[in-house]
Amino acid sequence: MSKKKGLSAEEKRACMMEIFFETKDVFQLKDMEKIAPKEKGITAMSVKEVLQSLVDDGMVDCERIGTSNYYWAFPSKALHARKCKLEVLESQLSEGSQKHANLQKSTEKGVVVRTCNPSYSGG
């Protein structure tokens with residue numbers, strides 16, 4: 001008797017993003033609650049929570065029009081967001097590498113000063 005294991009939160013998020021990217025459409029919550037369980041195996045009870053987490057993380061856009069909320073996410077926005085994130089991370093890596101190189105030089109200078117002058121106490 002094997003019990004089917006449910007999807008993890010990350011898997012649910014990825015599956016829901018697939019729905020948006022494959023259809024390139026705008027949905028209401030009730031639409032997602034019908035589509036997600038059938039197409040991606042996301043339980044209807046967790047659709048709202050998963051959708052809200054994607055909105056909170058800026059991966060899905062949400063707009064209130066009248067009394068309804070509409071949700072959408074397009075691949076071009078996701079690509080742009082990843083490119084921006086990559087640029088930030090590359091910049092941080094570059095800064096970190098520069099700091100590392102400077103610290104390495106400082107350490108080498110300190111070792112040279114100490115070996116050349118054992119009575120040197122720093123400064």
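Hi everyone. Let me start with what an axis is here: a line fitted to C-alpha atoms, for helices over the stretch in contact, with angles taken between N-to-C directions. Keep that in mind as we look at this structure, which is a predicted model.

Let's begin with two helices. The axes of α1 and α2 come within 10 Å of each other and cross at roughly 105°. Angles from 65 to 115 degrees count as roughly perpendicular, so that is how α1 and α2 are arranged. Which residues of α1 meet α2? On the α1 side they are Cys-15, Met-16, Glu-18, Ile-19, Phe-20 and Glu-22, and their partners in α2 are Met-32, Ile-35, Ala-36 and Lys-40. Sorted by kind, the residues of this contact are seven nonpolar and three charged, with no polar ones.

The largest nonpolar core has 18 residues, and Met-16, Phe-20, Met-32, Leu-51 and Val-60 have the most contacts inside it. Helices α1, α2 (29–40) and α3 (44–56) each give two or more residues to this core. Take Leu-51: beyond its neighbours within four places in sequence, Leu-51 is in contact with Met-16, Phe-20, Leu-29, Met-32, Val-60 and Tyr-71.

Now for Glu-10, which sits in helix α1, residues 9–23. Is Glu-10 buried or exposed? Its relative accessible area is 56%, and exposed means over 50%, so Glu-10 is exposed. The C-alpha atoms of Glu-10 and Val-50 are 9.1 Å apart, although 40 residues separate the two along the chain.

Finally, the cysteines. Cys-62 is partly exposed at 32% relative accessibility, and Cys-84 is partly exposed with a relative accessible area of 32%. With a cut-off of 2.5 Å between cysteine sulfur atoms, the count of disulfides is zero.

Technical notes
Residues numbered from 1 in each chain as written. Predicted model: local features only at pLDDT ≥ 70, side-chain atom pairs only at ≥ 80, totals over all residues. Heavy atoms only, no water. Helix = DSSP H or I, 4+ residues; strand = E, 2+ residues; numbered from the N terminus. Buried < 20%, exposed > 50% of the residue type's maximum accessible area, 1.4 Å probe, protein only. Core = buried A, V, L, I, M, F, W, Y, C linked by side-chain atoms within 4.5 Å. Contact = heavy atoms within 4.5 Å. Axes fitted to C-alpha atoms, helices over the stretch in contact; angles between N-to-C directions. Parallel < 35°, antiparallel > 145°, perpendicular 65-115°, else oblique. Nonpolar A, V, L, I, M, F, W, Y, C, P; charged D, E, K, R; others polar.
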